[in-house]
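Reader: I'm new to this one and would like to go through it slowly. Could you put it up so that I can ask as we go?

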Amino acid sequence: MTALEILMKLIRDSEGCSLKAYRCPANVITIGWGYTGKEITDNTVWTQEKADECLLMVAVKVINQALTTSPVLKSATSQRQAAIADFIYNLGIGNYNSSTLKKYVDKENWASAYTEIKKWNKAGG
């Protein structure tokens, strides 16, 4: 499987899909497969097609962000690429760029990266 396929499966499995906007545990308005764009309001409703299109668009974007900001990922496994892209999908490129996780990834210290990424599993603290 490609990193994009793995990432989309990760997102689908962990996010679930809601066609009506809701507030996530961090109190952010969310819709679709965990999408949180500025244009989403409490009253936003999507079709399944819109949610799936948005998932693909954002997944491609975060894979590209991961590969651009941590070029060592280009030679990493698809699973590692997808894991870092999933982090970016959930927490944003800014949080990734300032994280200890990125420092470990950039040094290809995968054992420490694995330990570090597990620290980021609680929404809103």
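Reader: Which residues of helix α5 are buried?

Author: This is a predicted model, and in its helix α5, which runs over residues 110-117, the buried residues are W110, A113 and E116. They cover an arc of only 120° around the axis, and therefore they lie on the same side of α5.

Reader: And which exposed residues sit on the face turned away from that buried side?

Author: That face of α5 carries A111 and Y114, which are exposed.

Reader: What do the buried residues of α5 pack against?

Author: They pack against two helices, α3 and α4, the latter covering residues 100-106.

Reader: Staying with α4 for a moment, I see K102 there. Is K102 buried or exposed?

Author: K102, which has its place in helix α4, counts as buried, because its relative accessibility is 12% and the cut-off for buried is under 20%.

Reader: Which residues does K102 touch, then?

Author: Leaving aside residues up to four places away in sequence, K102 touches T69, S70, Y96 and N97.

Reader: Let's switch to the other end of the chain numbering. At what angle do α1 and α3 pack?

Author: Helix α1, residues 3-15, and helix α3, residues 78-97, pack at an angle of about 45°, and their axes are 8 Å apart. The two helices are therefore oblique to each other, and their crossing is right-handed.

Reader: Which residues make that contact?

Author: From α1 the contact takes in A3, I6, L7, L10, I11 and E15, while α3 brings S78, Q79, Q81, A82, A85, D86, Y89 and N90. Sorted by class, the residues of this contact of α1 with α3 are eight nonpolar, four polar and two charged.

Reader: What about α1 and α2, at what angle do they pack?

Author: With helix α2, which spans residues 48-69, α1 packs at an angle of about 125°, the axes being 10 Å apart. That angle makes α1 and α2 oblique to each other, and α1 passes α2 in a right-handed crossing.

Reader: Which residues meet there, and how many of them are polar?

Author: On the α1 side they are A3, L4, L7, M8, I11 and R12, and these meet L55, L56, A59, V60, V62 and I63 in α2. The contact of α1 with α2 has no polar residues; eleven are nonpolar and one is charged.

Terms used. Residues numbered from 1 in each chain as written. Predicted model: local features only at pLDDT ≥ 70, side-chain atom pairs only at ≥ 80, totals over all residues. Heavy atoms only, no water. Axes fitted to C-alpha atoms, helices over the stretch in contact; angles between N-to-C directions. Helix = DSSP H or I, 4+ residues; strand = E, 2+ residues; numbered from the N terminus. Parallel < 35°, antiparallel > 145°, perpendicular 65-115°, else oblique. Left-handed = near helix turned anticlockwise from the far one by under 90°. Contact = heavy atoms within 4.5 Å. Nonpolar A, V, L, I, M, F, W, Y, C, P; charged D, E, K, R; others polar. Buried < 20%, exposed > 50% of the residue type's maximum accessible area, 1.4 Å probe, protein only. Arc of directions from axis to C-beta.
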